[in-house]
Amino acid sequence: MTVAEPRIAIVGAGPAGIYAADILLDRVPTASIDLFEKLPAPYGLVRYGVAPDHPRIRKITDALHEVLGHPRIRLRCNIDVGGDIGIDELRAAYDGVIVATGADLDVRLDIPGIDLPGSFGAADFVAWYDGHPDAPRTWPLAAESVAVLGAGNVALDVTRILATHASALTHTDTPDAVLDQLGASPLRDVHLFARRGPADVRFSALELRELAEQDDVDVIVDADELALDAHAERMIAQFSQRRTIVRTLTEWAALDPADRTAARRIHLHLRQRPVRLLGTGRVTGIEMERTASDELGRMVGTGELRRYDVGAVYRAVGYRSTPVAGVPFDDELGVVPHAEGRVLDAAGEPIPRLYATGWIKRGPVGLIGSTKSDAAQTVRHLVEDLEAAEEVVRAEDPIAHLGHAVDFDGWLRIDAAERSAGADRGRERTKLVEREEMLRHAKQEQMTEAGR
Ligand SMILES: Cc1cc2nc3c(=O)[nH]c(=O)nc-3n(C[C@H](O)[C@H](O)[C@H](O)COP(=O)(O)OP(=O)(O)OC[C@H]3O[C@@H](n4cnc5c(N)ncnc54)[C@H](O)[C@@H]3O)c2cc1C
């Protein structure tokens, strides 16, 4: 390696950034890494996206935590790259910069009425119930009947959290204020609408089954919506996951309506696409159109319309990345243009020392595990480039003048405060949500030491 002791910056301490750091340290034992994160806490969507009733997935943070404790990683939370510090400043100070900033916005759904009060994006709702510091502290949960639009696992998460009784979440890390508001929700019916048919939905079979595993919540499926056309028959013959999903839906459709007495109901509607939201001052309903598949499996409208009275609509139709100032961004695809992780300029040429990994590279699809193989590809190219690079004198530490970074010890103090708040309530952790409060805990020990 021509660069004897490479210094690498990684932007974003979600799973993609942390896995990239782990793989890089393994490949280049002399490398040191500065890991920048705009929030006071690391872990990205594992902390602020994964649903609180999925503790097994949340536990992935234990493995990520171990990586962060490595002596050659310096964690620098509470630093917004593109705001507090420019990407070019990082490129001048490091031998390589990996952008791993993920995705945090909702894809827009362009139908009439979408901007009415009572129309919400899933990303915003998820950020609220997961206690994201930048999310609003209160959520309007006044409706008795709501619609969720989407055919993927985020739509299932949103449906489950809306329908679940707050008492089922008290053992989780959910902030108290969220539990209180969910507990006061008058909700009775959640209508989950998928544009696709039963053999084409993107739900995972396991997450779908979870809908019916909640206390005092019934899942209702209309058998008429499960009729399989030729395309669906082909799909279930080919893919076992789709077979399992159709089997689950069929079992639910066969349940006796007389036994469906729960206080809350999830109505699963397939082959329906939203046409418009109804209401003048706020959402009072939604108009849906029945869809069908053509011979190639594409969804087409049938012209058959139906209206549902709902007081809120949640769109879970996809996430989208926020561009980072100074890093090229393909607005149409919503990703950083790249060749296997090397970021490309407008002419399609690799930009020296700039790389991307995770959802900002691939788009917002795939589970946490897939960010690992993705990071391996990006790191492989970074290492190739380091091997070919000249040793140069780099600029001084670009954030030495910024006093507000939260380092690993600062994060450990936030972590300890959350565990202590959880212990007071008989659970493992209760999340802190206010940025100021998190920062106060992060700095506490330094302040105590300074005061001594
Ligand atoms: C609602 C939801 C539920 C999910 N549930 C599951 C699940 O149950 N199981 C599963 O396997 N996968 C789940 N996923 C998918 C999983 O979260 C993603 O695969 C994974 O988080 C993507 O990792 P990432 O590091 O690319 O992005 P992210 O997790 O988004 O991390 C990016 C990090 O970069 C930081 N950042 C952004 N901009 C800047 C900046 N300018 N400067 C500094 N830092 C910045 C962000 O704050 C964030 O911490 C879920 C996703 C969503 C949206």
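Let's start at the ligand, with Glu37. A polar side-chain atom of Glu37 sits 2.6 Å from an oxygen atom of the ligand. Keep in mind that this is a predicted model.

Val81 has a polar backbone atom 2.9 Å from a nitrogen atom of the ligand. Trp359 puts a polar backbone atom 2.8 Å from an oxygen atom of the ligand. How much of the ligand's accessible area does the protein cover? On its own, the ligand has 1,000 Å² of accessible area, and the protein covers 93% of that.

Now the wider surroundings. There are 31 residues around the ligand. Which of them come nearest? Glu37, Val81 and Trp359 are on that list, together with Ala16 and Leu45.

Twelve residues of domain 1 touch 17 residues of domain 2. The size of an interface is often given as the accessible area lost when the parts come together. Here domain 1 and domain 2 bury about 1,200 Å² between them. Carbon and sulfur atoms account for 54% of that buried area.

What about charges and polar groups? Across this interface there are three salt bridges. Take the pair Asp130 and Arg58. They form a salt bridge, and their closest N and O atoms are 2.6 Å apart. There are also six residue pairs in polar contact across the interface. What is the make-up of the domain 1 side, by class? The side that touches domain 2 has six nonpolar residues, two polar ones and four charged ones.

Key: Residues numbered from 1 in each chain as written. Predicted model: local features only at pLDDT ≥ 70, side-chain atom pairs only at ≥ 80, totals over all residues. Heavy atoms only, no water. Contact = heavy atoms within 4.5 Å. Buried area = accessible area lost by both parts, 1.4 Å probe. Salt bridge = Lys/Arg side-chain N within 4 Å of Asp/Glu carboxyl O. Polar contact = N/O pair within 3.5 Å; in protein donor to acceptor, adjacent residues only side chain to side chain. Nonpolar A, V, L, I, M, F, W, Y, C, P; charged D, E, K, R; others polar. Near = heavy atom within 4 Å. Areas by Shrake-Rupley, 256 points an atom, 1.4 Å probe, with all protein chains shown as cover.
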